[in-house]
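Please keep the sequence and the structure at hand while reading.

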Amino acid sequence: QLDTRDKIIFLEDVDELPYRTAERLEHLQQAGLWDHAKAIVFFDFSHNKPVEEMHTGLQDFVFQDFARRVSVPVFQGQGVGHASPNIPLVVGAPATLAGGVLRSYAA
């Protein structure tokens, strides 16, 4: 089981339809993975297929609806994922989120 206690959770995906994202978020919520997280950050949910690009507004709705239903802060960022630019995140690196600004302290 993923240990999300006191963690900032970063999520990104590629070529996933909004209803699938909503299903996964709901499943993880029912499993209690968001209960003790410090925050959740949605990064790039990009699409390689033109037909999926038209679902961008619905994807935003999924994120907003999710944020209303969880008890932890939810943020949205850019530049991390499968698109360009692709800013690396170091898994397990200490990080803080203060005033809406994410700071990573990777070695």
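L102 is found in strand β5, residues 101-104, where strands (E, at least two residues) and helices (H or I, at least four) are DSSP runs numbered from the N terminus. The model is a predicted one, in which local features need pLDDT of at least 70 and side-chain atom pairs count only at pLDDT 80 or more, while totals for chains, interfaces and linings use all residues. Residues are numbered from 1 along each chain as its sequence is written, and side-chain values use heavy atoms, leaving out hydrogens and water.

With a relative accessible area of 32%, L102 is partly exposed; buried means under 20%, exposed over 50%, and partly exposed in between, with a 1.4 Å probe and protein chains only. Together with F10 and L89, L102 forms a nonpolar surface patch of about 200 Å² accessible area, a patch being made of residues with over 30% relative accessible area and no salt bridge, whose nonpolar side chains are joined within 5 Å. A salt bridge here is a side-chain nitrogen of Lys or Arg within 4 Å of a carboxyl oxygen of Asp or Glu.

## The nonpolar cores

Which residues have the most contacts inside the largest nonpolar core? They are I9, L11, L25, W34, I40, F42 and F66, in a core of 13 residues, a core being a set of buried nonpolar residues joined through side-chain atoms within 4.5 Å. Two or more residues come from each of β1 (8-14), β2 (39-46) and α3 (56-69). Another core, of 5 residues, lies apart from this one and includes I8, A39, V41 and F43.

Beyond its neighbours within four places in sequence, L11 is in contact (heavy atoms within 4.5 Å) with L25, W34, I40, V41, F42, F43 and F45.

## Aromatic pairs

The structure holds 6 aromatic pairs, counted where ring centres lie within 6.5 Å, with planes under 30 degrees apart called stacked, over 60 edge-to-face and the rest tilted. F42 and F45 make an edge-to-face pair, at 6.0 Å centre to centre and 65° between the planes. F45 also pairs with F63, and this pair is edge-to-face because the planes stand at 70°, with the centres 4.9 Å apart. This second pair links distant parts of the chain, since F45 is in strand β2 and F63 in helix α3, 18 residues apart.

F45 is buried at a relative accessible area of 17%, and F63 is buried at 5%. Ring pairs link W34, F42, F45, F63 and F66 into a cluster.

Notes
Patches are made of residues with over 30% relative accessible area and no salt bridge: like charges are joined within 9 Å, nonpolar side chains (Val, Leu, Ile, Met, Phe, Trp, Tyr) within 5 Å. Accessible areas come from the Shrake-Rupley method with a 1.4 Å probe; for residues, only the protein chains shown count as cover.
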